[in-house]
Amino acid sequence: MTSLEFRDKLARRSRRAKALVTVAMLEPLEAYFRLLAHWNATINLTALPLDPPTDETFDRLLVEPLAAAKFLQSSSGPIPNPQSPIPVWVDVGSGGGSPAIPLKIARPTLDLMMIESKERKSVFLREAIRVLGLTGATVKTERFEAVAISAEHQGSADFVTVRAVKADSDLFEMSGKMLKEGGQLLLFREAHSPSVDPPGFKRVKTVPLLDAPPSFLCIYSRVFHVEQT
């Protein structure tokens, strides 16, 4: 796939999803995709076909994160922290770098920490940071649970993003430990199913990202005080 073919396909798929792609984002998005394809030949980073990539490959790896980018625009905490004016964002189970890296390209001012427990995938993520020249991005090679309970990271995050990780009670509990009050948990899901809000969270909204195959972004706000009625 040539650069022209890559950019044409990205433009077409992005317009379909109403995802904003600027000229400045094209080069790093292509560099990420080519690096992923190169590493995927020896490390299983994604099961999606990369040579040649299908429409679903573009949608899942690139377009879906770009469509979600507008929901990570600013700090969501009610009281800005003068020691940490840059919004802090944690991506759980970062694996092959999507959605975190395309999202970081779209929202470069956010301070991103990618958590990945597998060493070889962490090496890839660090190489992606280096090759793309991403600033304000780090990788933790630990389990999410270990990071969430550490005193250093409790109550530190404005955003937590999760895809391809089971959204069970443990995930909400650990995310709750990391988020500030008013911070947001953003879950990438393949289906929209209304459910009771988990303890410590209030659902803000669920928005569609892709139509075929469908995907949704479910946004929860961290609440420490629940009003009694």
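**A walk through a predicted chain**

At 16% relative accessibility, F71 counts as buried, where buried stands for under 20% relative accessible area, exposed for over 50%, and partly exposed for what lies in between, computed with a 1.4 Å probe and protein chains only. The place of F71 is in the loop between helix 3 (55–68) and strand 1; helices (H or I, at least four residues) and strands (E, at least two) are DSSP runs, numbered from the N terminus. Leaving aside neighbours within four places in sequence, F71 is in contact with F159, Q184, L186, K205, V207, L217 and I219, and contact here means heavy atoms within 4.5 Å.

Residues are numbered from 1 along each chain as its sequence is written, and side-chain values use heavy atoms, with hydrogens and water left out. The pLDDT is the predictor's confidence in each residue, on a scale from 0 to 100; its mean over the chain is 90, and 93% of the residues reach 70 or more. Over residues 75–82, however, the pLDDT is below 50, and this stretch has 12 contacts in the model beyond near neighbours in sequence. Where pLDDT is low, the predicted coordinates should not be read in detail.

Seen as a whole, the chain has 7 helices and 7 strands, and along the sequence they follow the pattern α-α-α-β-α-β-α-β-α-β-α-β-β-β. A compact globule of 229 residues would have a radius of gyration near 17 Å, and the chain agrees with this because its own value is 17 Å; the radius is taken over C-alpha atoms, and the globule rule is 2.2 Å times the number of residues to the power 0.38. Along its principal axes, the C-alpha trace spans about 60 × 35 × 30 Å. Of the 229 residues, 51% count as buried, and among the contacts with a separation of 6 or more, 66% are between residues 24 or more positions apart.

I101 lies in helix 4 and counts as buried, with 0% relative accessibility. Apart from neighbours within four places in sequence, I101 is in contact with Y32, M114, L125, A128, L132 and L134. F172 lies in helix 7 (residues 169–178), and F172 is likewise buried, at a relative accessible area of 9%. Not counting residues up to four places away in sequence, F172 touches A167, L185, L187, P198, F201 and Y220. F172 and F188, which are 16 residues apart in sequence, are 14 Å apart in space from C-alpha to C-alpha.

Other residues turn towards the outside. K202 is found in strand 6 and counts as exposed, at 51% relative accessibility, although K202 still touches D197, I219, Y220, S221 and V223 when residues up to four places away in sequence are left out. Between K202 and A47, 155 residues apart in sequence, the C-alpha atoms are 33 Å apart. K18, in the loop between helix 1 (3–17) and helix 2 (23–40), is exposed as well, with a relative accessible area of 72%.

The backbone also deserves a careful look. Most residues other than glycine have a negative phi, and most peptide bonds are trans. K18 has a positive phi of about 55° although K18 is not a glycine. The peptide bond from S98 to P99 is cis, with omega near 20°, and P99 sits in the loop between strand 1 (88–92) and helix 4 (100–106). Another cis peptide bond joins A212 and P213, with omega about -10°, and P213 is placed in the loop between strand 6 (201–211) and strand 7 (214–222).

Note on methods: Predicted model: local features only at pLDDT ≥ 70, side-chain atom pairs only at ≥ 80, totals over all residues.
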